Amino acid sequence: MDITPATAAAPPPPQGSAPAPADPAKAATRPGDRIFLALSRGSGILLLVIMAAIAVFLTIRAANALSHNEGDFFTTFEWRANATPPVFGIAVLAFGTIVSSLIAMVIAVPVAIGIALFISHYAPRKLSTPLSYVIDLLAAVPSIVYGLWGALFLVPHLGGFYSWLDDYFGWTGLFAYHDGAARSLFTIGILLAIMILPIVTSVSREVFLQAPKMHEEAALALGATRWEVIRMSVLPFGRSGVISASMLGLGRALGETMAVATVLSPSFEIGTSLLDPGGGTFAQNIASSFKESGEIGKDALIASGLVLFVLTLLVNGAARLIIARRKEYTA
């Protein structure tokens with residue numbers, strides 16, 4: 001007797017089950033998908049074209065200024081771009097921009113992380129909700145308002161704090177104070193820290209709120225304290241987000257113009273103390289010198305803007321590398 005195994009028929013799909021997903025190849029041929037794909041791709045290409053156009057424009061104008069410069073662009077402690085012959089350099093501007101931004105980051109980032117953790121994991125809802133609204137509103141305050149507040153309130157009230165720093169840390173040389181108005185890079189760093197604090201706090205808060213609740217509940221079930229839950233579950237998960245928030249704040253600090261120009265007493269000298277008045281930043285020098293500059297002077301300012309442009313790209317590139325190395329903590 002011939003026994004042939006019968007081919008089993010596939011069971012019918014259960015009633016009420018969801019239909020099988022459409023074929024991706026067919027879905028990509030739909031008119032709406034093709035339009036969305038083209039718009040998305042075009043937007044990305046347009047962004048690259050704009051960035052390239054800005055870089056080309058800055059490079060051409062900077063090359064014209066550097067060809068007339070009688071000083072070393074990277075080491076000269078002068079800015080006489082309108083003189084004959086022109087002599088200018090970015091040593092003081094680069095130092096002031098980097099130092100003031102680093103001071104702002106050292107002050108703002110730890111405070112922002114603490115505030116974000118308090119709002120997301122400690123404060124009751126009746127307090128966390130209005131506090132979140134206030135922080136978001138502070139992030140939208142124009143920079144000129146911060147500048148006026150810094151010039152009229154912060155500068156007159158920092159003299160006592162500077163004297164205290166001089167009494168206890170003046171021996172380091174970095175915090176030696178010789179009286180005078182507190183219009184220094186350290187004051188700019190404090191002002192920038194206040195300005196970037198709402199941005200870093202807001203982004204970090206949203207990242208901490210996205211931490212997996214199952215991880216937190218599992219840690220609490222194992223007997224972990226609230227701080228241990230944050231240290232083992234929340235902070236590792238939000239590390240890349242905090243780095244992104246910090247880089248966003250650093251980008252604003254590097255390019256801040258009006259607030260710095262309102263508070264700082266510009267001078268092309270690098271003092272041994274952070275409390276000495278004077279100094280300068282790229283954005284502040286461009287804002288204060290552009291109107292009175294001639295053709296070569298404007299090209300020289302554009303050359304300094306090109307350096308700031310490259311510096312910002314390097315900072316963002318470094319942030320991307322740091323985040324890419326910690327993908328295991330991203331959502």
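Visitor: Which residues line the largest cavity?
Guide: Leu93, Pro266, Ser267, Phe268, Gly279, Gly280, Gln284 and Asn285 line it. A cavity is a set of points on a 1 Å grid over the protein atoms alone where a 1.4 Å probe fits but cannot get out, and lining residues have an atom within 4 Å of a point. This is a predicted model, where local features need pLDDT of at least 70, side-chain atom pairs count only at pLDDT 80 or more, and totals for chains, interfaces and linings use all residues. Residues are numbered from 1 along each chain as its sequence is written, and side-chain values use heavy atoms, leaving out hydrogens and water.

Visitor: How many of those lining residues are nonpolar, polar or charged?
Guide: Three are nonpolar, five are polar and none is charged. Here Ala, Val, Leu, Ile, Met, Phe, Trp, Tyr, Cys and Pro count as nonpolar, Asp, Glu, Lys and Arg as charged, and the others, Gly among them, as polar.

Visitor: New topic. What is the mean pLDDT of the chain?
Guide: The mean is 84, and 89% of the residues reach 70 or more. pLDDT is the predictor's confidence in each residue, from 0 to 100. Contact means heavy atoms within 4.5 Å.

Visitor: And what share of the contacts links residues 24 or more positions apart?
Guide: Such pairs make up 73% of the chain's contacts with a separation of 6 or more.

Visitor: How much of the chain is buried?
Guide: Of its 331 residues, 38% are buried, meaning under 20% relative accessible area with a 1.4 Å probe, protein chains only.

Definitions and conventions:
On a 1 Å grid over the protein atoms alone, a cavity is a set of points where a 1.4 Å probe fits but cannot get out, and a pocket is an open set with protein on both sides within 12 Å along at least five of seven lines; lining residues have an atom within 4 Å of a point. Buried means under 20% relative accessible area, exposed over 50%, partly exposed in between (1.4 Å probe, protein chains only).
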